[in-house]
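Dear colleague,

I am passing on the structure we discussed, and below it you will find my notes on what came out of the contact analysis. Please read them with the coordinates open.

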Amino acid sequence: MDNTMESESKIPEKRVDYLNVDHSLKSWLLTTDHKRIALLYLISITLFFFIGGIFAVMIRLELLTPSGNLVQAETYNRLFTMHGMMMIFFFLIPSIPAVLGNFLVPVMIGARDLAFPRLNLLSWYIFIIGGALAISAAVSGGVDTGWTFYTPYSSTYSNSHVIVMGLGIFIAGFSSILTGLNFMVTIHTMRAPGLTWFRLPLFIWAHYATSIIQILGTPVLAITIALVALERAFHVGIFDPALGGDPLLFQHLFWFYSHPAVYIMILPSLGVVSELIACFTRKRIFGYKVVAYSSIAIAVLGFLVWGHHMFVSGMSTYASLVFSILSFLVAVPSAIKVFNWTATLYKGSIVYDTPILYAFGFIGLFTMGGLTGLFLATLAIDVHVTDTYFVVAHFHYIMVGGALMGYLGGIHYWWPKITGRLYPEGWSKLAALLVFVGFNLTFFPQFILGYMGMPRRYYHYPPEFQALNVLSSAGASVLGVGYLIPVIYLLWSIKYGPAAGPNPFNAKGLEWQTQSPPITQNFETTPVVTEEAYDYSGEEGATVARS
Amino acid sequence: MTIPVRREQPLPDRSAGLAHHFDDLEQQHAAGSLGMWLFLVTEILFFGGLFAAYAIYRWQYPAAFAVASHEADLVMGTINTIVLIGSSLTMALAVHYAQLGNRKAVVAFLILTMVLGVAFLGIKGAEYHHKYLDNHFPGPDFVFPGPYAQQAELFFIFYFIMTGLHALHMVIGIGLLSTVAVLAWRGCYSSEHFAPVELAGLYWHFVDVVWIFLFPLLYLIDRHK
Amino acid sequence: MSEHIVQKKTYFAIFLTLMVLTVTTVWVATIDLGPFNIVAALVIAACKATLVLLIFMHVRYSPRIIALCIFAGILWLALLIGLTLTDYLSRSWIASPPGL
């Protein structure tokens, strides 16, 4: 590994990389380079994140006061629906796989690109088309069904743009399927010589497991949305009780995908955290094989638990019991990961750089989210807290405290590789702190609110809940600032940040064996792998040589 | 035969039709094949959602579904099954000749496959037309005498959506085959490089497999009554 | 690449078998087997599908990962239908408590 390429603070010599090889717009919009496609996704999903964030701002503003006085009830229905749909389908589901996965999967396995580069570009265009439809639905008034599209409201009675929005999500779903397909084929057929399955980075295992879910689950959502659209367009009663249709059948079909979807959102983040912990404790991940298998276990078991979203909707009690027990089971592999990370941290030489701060935040918040998930899996408790803010808090702990923190940690960790630049460490630590504090201020009060009985999706509430709601909205402001700051300094760093060098964190992994930013074909010559993953054993109490 | 492992260096003389990011045609073929099969797995789940919903409703309303199913044209359905399986035979032969590098036979059998596919769609169109004339199109104009009218409409919703989605896949398949046939005619394939023929064949056979299940489920309920 | 070239006569033999099975499934549907009619129909369809998969689609001569993928797809569909049915089949076993 050559660290002497250039001194870290000088402006790098004019050297060809995937960014500067061609500056034309056409070379970006018609690229088949997985790294450029990753950046196209990065820009797009950041846009959708801020759109979803604007809806969140409106929600938290309305909830500052007990009475519904900012917007009408019908408008509020559209706000929380659009917030959910934008965040889930157009930010979280793509996020790590489409950005970090697209960039890193080929590089981490020593390949020149993904298996199907043109399909990769098509995936992005499909995502953009779906997103454009979603935005057009939003600006024409949005949808008010909740992100869950429950029938018969969505299929018959709603007066909102269900079909357009549904079509947007349907189309974006194919982007997700094709990304998963591309990753799975790439990992199976294009690993470098010597890179056996159990030498792969855990990031790769996580994306493989995610791909399983994307391939097996998303098509069921697609057909379900299509059925709702058909029912709406042609006035045929597939889920209409008047014809003998069953609204619960919709829920079964919907949640068959939408529960595993949450594992699409968290598994890649779990993979990122493994990478961060290994690098910043200078240790091999404890129980590597178990952690690898646990990713697959989460993907498989995650398909068996969807009924826990339907405990109070009229599903049979016996089926509820079965789903409850299975939901307890799916928590086990996640817990195993947390235990293994903790064991890795023990007696590790920890370096407190920004990426691992996000990883620490992840571990704590994901654990809380996971534990409260067990409360919800308990039938007797769920009956009381379902459809309250307890559930809202639970899933935001996992998706924001978990998935989003992992995403931010990963963006920071691999930013030097992606851009060839270092970001300012002081600002990044501040932003991480604001995100952590803001997050807890926003969402912890919601556990209490839910437990006390405040329903979700309501725009007004009893006055005794106001104090906690105000706290939550205040926290959301802090959180918002915490998200804005990285946008600024990361953009700043592209032009003014010091050059990063090939391996600023002295990390193991093939991606750090090539220049930053990489050349278009990633490696000059195909690497040959002879070490196990995370082989930090050669160092003696080493610290990270941070430039 | 196992999935091939990467070589250390890309081979200096790269074969025609080899993409830049693959090391050799063997790797490219393995990737293409696995990719098409994974896509077909997504199709299993895509159609599968419809099969699942159908299964639930048929379990709930067995008598209504049986009565409604008798209105599906058994003769046309059986002929269509024979036609489609026949097209699978011609497709398999097209791939066979591609393996042997016989350009003209490949094109001939691809064309034959497409002709059978169009025949299938024609017969299906005639069926749909009869159903329309019988007022069996679900929606405000649906008419079905007897006590099972509402659940019969449910049956016909599934009949049209499932066969309609299948027909849409056939149309796409015919488009795919015509593209491959044109490229084959132009001599783009050889006995070393014929993956597009094989992959198009996989898609076509899969559409046949879907029909193999649709036929008994939609046309053959309680035909002894 | 499937190096193995299947003989033409094998394809024709499979085609004839599929024709026989098609005729069989139509004939069985005209006989009253009660609840076993659906079982017979699905079993025959599965046999036909298996023949198409193994021989026409060359799964018999392909890497084992392909068969694993197909098996996973079928298994997942079975999970969807099966677990959903556990709800419907057991709804009558116990009356839900009031308020649920």
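How many residues of chain C are in contact with chain B, and how many of chain B with chain C? In this predicted model, 38 residues of chain C meet 37 residues of chain B. On the chain C side, helix 1 (8–29), helix 2 (36–56) and helix 3 (64–90) each supply at least two residues, and helix 3 of chain C gives the most, with 13 residues. By class, that side of chain C comprises 29 nonpolar, six polar and three charged residues.

Chain B also touches chain A, through a contact that takes 36 residues from chain A and 33 residues from chain B. Helix 7 (162–189), helix 8 (202–234) and helix 9 (247–281) of chain A are the elements that give two or more residues to the chain A side, where the largest share, nine residues, comes from helix 8 of chain A. The chain A side divides into 25 nonpolar, eight polar and three charged residues.

Within chain B, the axes of helix 5 (residues 149–185) and helix 6 (residues 195–219) come within 10 Å and cross at roughly 160°; because angles over 145 degrees count as roughly antiparallel, helix 5 and helix 6 of chain B are described in that way. Their crossing is left-handed. The contact includes Tyr159(B), His166(B) and Gly173(B) from helix 5 of chain B, and Tyr203(B), Trp204(B) and Trp211(B) from helix 6 of chain B. The residues of this helix 5 and helix 6 contact in chain B are 18 nonpolar, four polar and no charged.

Best regards

Definitions and conventions:
Residues numbered from 1 in each chain as written. Chains lettered and ligands numbered in written order. Predicted model: local features only at pLDDT ≥ 70, side-chain atom pairs only at ≥ 80, totals over all residues. Axes fitted to C-alpha atoms, helices over the stretch in contact; angles between N-to-C directions. Helix = DSSP H or I, 4+ residues; strand = E, 2+ residues; numbered from the N terminus. Parallel < 35°, antiparallel > 145°, perpendicular 65-115°, else oblique. Left-handed = near helix turned anticlockwise from the far one by under 90°. Contact = placed C-beta atoms within 7 Å. Nonpolar A, V, L, I, M, F, W, Y, C, P; charged D, E, K, R; others polar.
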